[in-house]
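Student: I have a structure open and want to learn how to read it. Where do we begin?

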Amino acid sequence: MSAIQPPAETVWWRQPLDKVEGTWITIALIWSLFMFFMMPFWHIYGKQNLSNEAYRTTPQAYLAKTQAMVDEYTIRTETDSRLPVVKPPPGSDVYLLGRLWQWWPLLELEKGESYRLHISSMDWQHGFSLQPVNINTQILPGYEMVLTITPDTSGEQTIICNEYCGLGHHNMLGKIYVTEGGQ
Amino acid sequence: MSTEQFRTCPESGLQFHKPAEMLMRANAVLAVVMLLIGGLAAILVTLTRWPAVHLLPADRFYQLLTSHGVNMLIFWMITFEIAVLYFCSSTLLKCRLAAPKFAWLGFALMLTGIIVNNMAVMNGDASVMMTSYVPMPANPNFYLGLILFAVGALIGCFVFLGTLVIAKSEKTYEGSIPLVTFGALTACIIAVFTIASGAVILIPTWLWSLGYINNIDAAMYRLVWWALGHSSQQINVAAHVSVWYAIAAIVFGARPLSEKVSRIAFFLYIAFLQLASAHHLLVDPGLSSEWKIFNTSYAMYLAVLASMVHGLTVPGSIEVAQRAKGLTNGLFEWLRKAPWGNPIFSGMFISLVGFGFLGGISGVVIGTEQINIIVHNTIYIPGHFHATVVVGSTLAFMSLTYFLIPVLFRRQVAFPMLAKWQPYLFGLGMSAFALAMMGAGTLGVERRHWDMAFTDAALAFEYPASAYTLMGIMGVSAMVAILGGAIYVLVTVVSVFFGKRVESESSFGFTFTRASKAEPILIPEGGHAAAGKWGFAAPGTFLLAIFFLVVFVLYYAVNWKYLASVWPMS
């Protein structure tokens, strides 16, 4: 009786396990449990975890907070459209917003220092993709995500939008410059 | 019950209920048409993402990517699956199909939905990708088409369930339903859950697009939409695993190693697969880690365990059947002497290996809560799901088609030489395509992105040269896979509409074991194991499974190592 016919024995559930199946199920179950417990383990001993700290917000409220930070800590501007580059003090709350089609403002952080990075969207869904370090998160309108990050490499990082957000999606870039501490 | 309503296929011994047969044909033909449309979009999309070609302008690219996603992931797969459901109920249980007129209504709704949705996308104001994340708006007909299609598919599910009830009450079979029908039932139950989730989110979104609802919460949308989006791929998994078992039975007369193990594995799918919505929300704001860990692991990887079990028992049952026929030399004679020139088998086996090694391993690794940080929304993701849905499901369905052409459509398979090579071109091309995208994704290349060079952006960024090389390999492999896909459509269309009618046994396209006449695989004295080695009934398969596990463990470890190199965050 093959798999496309009813089982030969009507009480098929009494058929004993083959050794090959029993052995494999045991091995696969152990591996499955290992992978499961690896995730809480990394929350305790690993260094790369999302805090899951998030708040409901509105585009207006979030823009106001970001604007206040930009007004206080802008150190220079870049490109023809004079995008502000903001250097907030280490340990502080840093606000980044995504909108059609830019990440605003540009940020300058110090290597080895921690920052509470807030991210939200002003309009549609966006994807925060920091390259080349390769950190990716989802950014939603109405939600303010908070990530405590500690840059441990210096140099220029680019924020790319990796959630499709319409025709200008592929032009939506931002920057995080990481300087050596004490400069 | 009149017997005139039935015909017995002289080749396979299968009994077809004529109204069911017409419905299977209609659904299968519509499915192949959708595959053709989705495939044409695939050509243009891949030729645009291949950096050296960069064919389409941005608006056309996003439009056709939307079309490709919806037509392939939803319309092709589910329409084919409805045909499979009718086959697994009416044909395998030798039972009349419940309410054929109702089934035709379902078909009409699906067809209408497909047309309405495709017209919205072609109109150019619904380039929102398959996911149509709010608050990015689409033409209301985009959602309406999906809703109509879903209602039609739901009717198909109920016709399937009704047929099971009729078969039981009319006693068309004895004991339990066949394993393959059990797998189809699993697919059907997941489909009902999926379609219900789709209704819960798409109906309000449609009303929102018409202006009757003010606001749809973006996070809520993603949670419920992915209960549609990911679970619909689990219908495919349950369906293609059933197809694997069916092909093992058709080609080899294989019987499951044990009904108990295979059925419990299917049950684990029913119980846990739909938790997979979480895979898409691992780096979303507003959800706790506890929620993410439990759901992304399908409750401690119990559904992954189920797939690992099927991955052993399907080839294991083939090995046992082959050994019983005397192919007992060494560990792998049963596999070496398998009918590699028969596309029903070769396609199924490439599907099995590709789904496990490429789609399965990558899926579990990137579905790990923290590892998702280094791959979310990169082109790694389509790399992963082309390995599952295309190498896994689509190739399995293609293999089954080579069986259905003579048995269901009663035509010879046209261009048998082309058909023989088709699974290799499609399966291996698509595997290389998926691997290249996974590689590029590891380097941070984004999915759903028109220009990886950022030519028109105010700021600049350059990916490493290796990312461009990988995207070039992706383009070349895509062309190989698309050639394989084109051959499939050509062979199917020519066979079904212009093929020579199957009259006698000798005019048959491919040889395979006939279900009703298959020599029963006798269990030797001392159980299966007597034919194997080390007390194992299927020692060769076991060794392959251990090799799979070693690759899995290594790749899992490599990704944790990569994650550990990223900036610390908490």
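Predicted model: local features only at pLDDT ≥ 70, side-chain atom pairs only at ≥ 80, totals over all residues.

Student: In which sense do strand 8 and strand 9 of chain A pair, and over how many bridges?

Tutor: The sense is antiparallel, over five bridges, with strand 8 of chain A covering residues 126-131. For one pair to inspect, take A:Leu130, whose bridge partner in strand 9 of chain A is A:Ile135.

Student: Which way do the residues of strand 9 of chain A point?

Tutor: The general idea: side chains in a regular strand alternate between the two faces of the sheet. Here, A:Ile135, A:Thr137 and A:Ile139 point one way from strand 9 of chain A, and A:Asn136 and A:Gln138 point the other way.

Student: Is strand 9 of chain A buried or exposed?

Tutor: Count neighbours: a residue is buried if 20 or more other C-beta atoms lie within 10 Å of its own. In strand 9 of chain A, residues 135-139, five of the five residues are buried, so the strand is largely enclosed by the rest of the structure.

Student: Now the domains. What does the assignment give for chain A?

Tutor: Domain 1 spans 12-45 and domain 2 spans 53-179. Taken over C-alpha atoms, the centres of these two domains of chain A are 42 Å apart.

Student: How many residues of chain A and chain B are in contact?

Tutor: Interface size is often given as the accessible area lost when the parts come together. Here we count residues instead: 93 of chain B are in contact with 76 of chain A. Helix 9 of chain B gives the most to its side, with nine residues. By class, that side of chain B has 60 nonpolar, 20 polar and 13 charged residues.

Student: How do helix 1 of chain A and helix 15 of chain B cross?

Tutor: Read the angle and the axis distance together. The two axes cross at roughly 5° and come within 11 Å. Angles under 35 degrees count as roughly parallel, so helix 1 of chain A and helix 15 of chain B are roughly parallel to each other.

Student: Which residues meet there?

Tutor: From helix 1 of chain A, A:Val20, A:Trp24, A:Ile27, A:Trp31 and A:Met35. They meet B:Phe542, B:Ala545, B:Leu549 and B:Tyr556 in helix 15 of chain B. The contact of these two helices has nine nonpolar, no polar and no charged residues.

Methods
Residues numbered from 1 in each chain as written. Chains lettered and ligands numbered in written order. Domains from an automatic or database assignment. Contact = placed C-beta atoms within 7 Å. Helix = DSSP H or I, 4+ residues; strand = E, 2+ residues; numbered from the N terminus. Nonpolar A, V, L, I, M, F, W, Y, C, P; charged D, E, K, R; others polar. Buried ≥ 20, exposed ≤ 12 C-beta atoms within 10 Å, placed from the backbone. Pairing = 2+ DSSP bridges. Axes fitted to C-alpha atoms, helices over the stretch in contact; angles between N-to-C directions. Parallel < 35°, antiparallel > 145°, perpendicular 65-115°, else oblique.
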